[in-house]
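Biologist: I am new to this structure. Please show it to me, and then I will ask about its parts.

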Amino acid sequence: MMIAFLTSSPCVYLAPRAIINPENGFLENLTSCLRPNPRCLYICSSPDDPDNTDYYCWETGNAFREAGIAFSELTVLDRRNQHDAQILIWQSDLIILAGGHVPTQNAFFREIGLKELLRDYQGVLLGISAGTMNAAQRVYVQPEEDGESDPDFQRFLPGLGITHVNVLPHYQQVKDRLLDGKRLFEDITYADSMGECFFAFVDGTYLLIDEDQTLLYGEAYCIQDGTIRQISRMGEVTVIEE
C-alpha cells in the first residue's frame with residue numbers, strides 16, 4: 001500500500017532557500033516511512049520546461065539532504081523520458097509530485113497514465129502544491145494565471161484518485177490575492193464552492209494517507225457553500241473522513 005504525504009509545501013515559507021519545514025512532525029513522519037538513502041523520482045509539473053524542472057528538482061533534493069534524507073538516486077520524469085515512466089516508478093522508494101501549474105501538470109499525468117501506473121505502487125508519495133491538488137479524485141483547478149477567472153475556464157478535472165480532499169495550497173500567501181481584478185477567494189473560489197468542499201492549507205500543513213486513515217496535520221480551513229471556517233490549528237492532528 002502506498003503512503004501519501006500531500007503538502008501545501010514541504011519547505012519553510014519565505015526562507016532564503018529551500019529548507020524542509022519541521023512543523024507538525026512532517027520530517028519525523030516522512031523519515032519513519034522511508035528506508036535509508038531512498039531512491040527518489042521527481043515527476044514534473046511542466047514537461048516541456050526541463051531547465052526549470054531540473055533546477056527545482058536539485059533544490060528539493062538539496063533541502064532533503066540538509067534535513068537528513070539523502071537520496072541514493074534522484075531522477076526527473078518529464079517529456080525526455082516519459083516512455084520509461086513505469087520502470088522509473090517501480091524503481092523508486094519516494095515519488096515527488098512537483099508544484100507548478102495545475103492544468104499543465106494534470107494533462108501530463110493523464111498523458112502518461114500516471115493514475116494507472118501508481119495503482120500497485122508500494123512506496124511513499126509526496127505531493128507539493130499542484131502535485132497535491134492533482135492527487136484528488138476530482139481536481140478543483142483554482143484559477144491562478146491571468147484570464148483563468150473567466151467562467152469558461154475548466155474548473156474541475158479528473159485526478160489521480162489518491163484522496164477525495166481538494167486542497168488549496170499556500171493559503172497564507174494567496175488569501176488576499178487579486179486575479180483579473182477579482183478577489184481570488186471571495187469573488188472566485190467561494191462561488192465555486194457551492195455544493196463543494198475545499199481545504200485551504202497554509203505551508204507546513206499536510207495530509208498523511210495510509211491504508212487505515214487520512215490524517216490532517218496543522219492549520220487548515222474548510223471553504224464550503226460560499227463560507228469559510230477554520231477546522232484545525234498548527235500542531236493539531238485531525239482525522240479526515242474520506
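Modeller: Helices (H or I, at least four residues) and strands (E, at least two) are DSSP runs, numbered from the N terminus. Residues are numbered from 1 along each chain as its sequence is written. The model is predicted, so local features need pLDDT of at least 70 and side-chain atom pairs count only at pLDDT 80 or more, while totals for chains, interfaces and linings use all residues; side-chain values use heavy atoms, without hydrogens and water.

Biologist: In which helix is the place of Trp58?

Modeller: Trp58 is exposed, because its relative accessible area is 53% and exposed means over 50%, buried under 20% and partly exposed in between (1.4 Å probe, protein chains only). The place of Trp58 is in helix 2, residues 50-66.

Biologist: Is Ser129 buried or exposed?

Modeller: Ser129 is found in the loop between strand 5 (124-128) and helix 6 (130-133). Its phi is positive, about 55 degrees, although Ser129 is not a glycine. Most residues other than glycine have a negative phi. With a relative accessibility of 11%, Ser129 counts as buried.

Biologist: What is the relative accessibility of Leu14?

Modeller: Leu14 is another residue with a positive phi, about 70 degrees, although it is not a glycine. Leu14 lies in the loop between strand 1 (3-7) and helix 1 (26-33). Leu14 counts as exposed, its relative accessibility being 69%.

Biologist: Within what arc do the buried residues of helix 4 fall?

Modeller: Helix 4 (residues 102-112) has as its buried residues Val102, Gln105, Asn106, Phe108, Phe109 and Ile112. They line one face of the helix, because seen down the axis (by the directions from the axis to the C-beta atoms) they fall within an arc of 165 degrees.

Biologist: How far apart are the closest N and O atoms of Asp93 and Arg35?

Modeller: A salt bridge is a side-chain nitrogen of Lys or Arg within 4 Å of a carboxyl oxygen of Asp or Glu. Asp93 is buried, at 14% relative accessible area, whereas Arg35 is partly exposed, at 40%. Asp93 forms a salt bridge with Arg35, and the distance between the closest N and O atoms is 3.0 Å.
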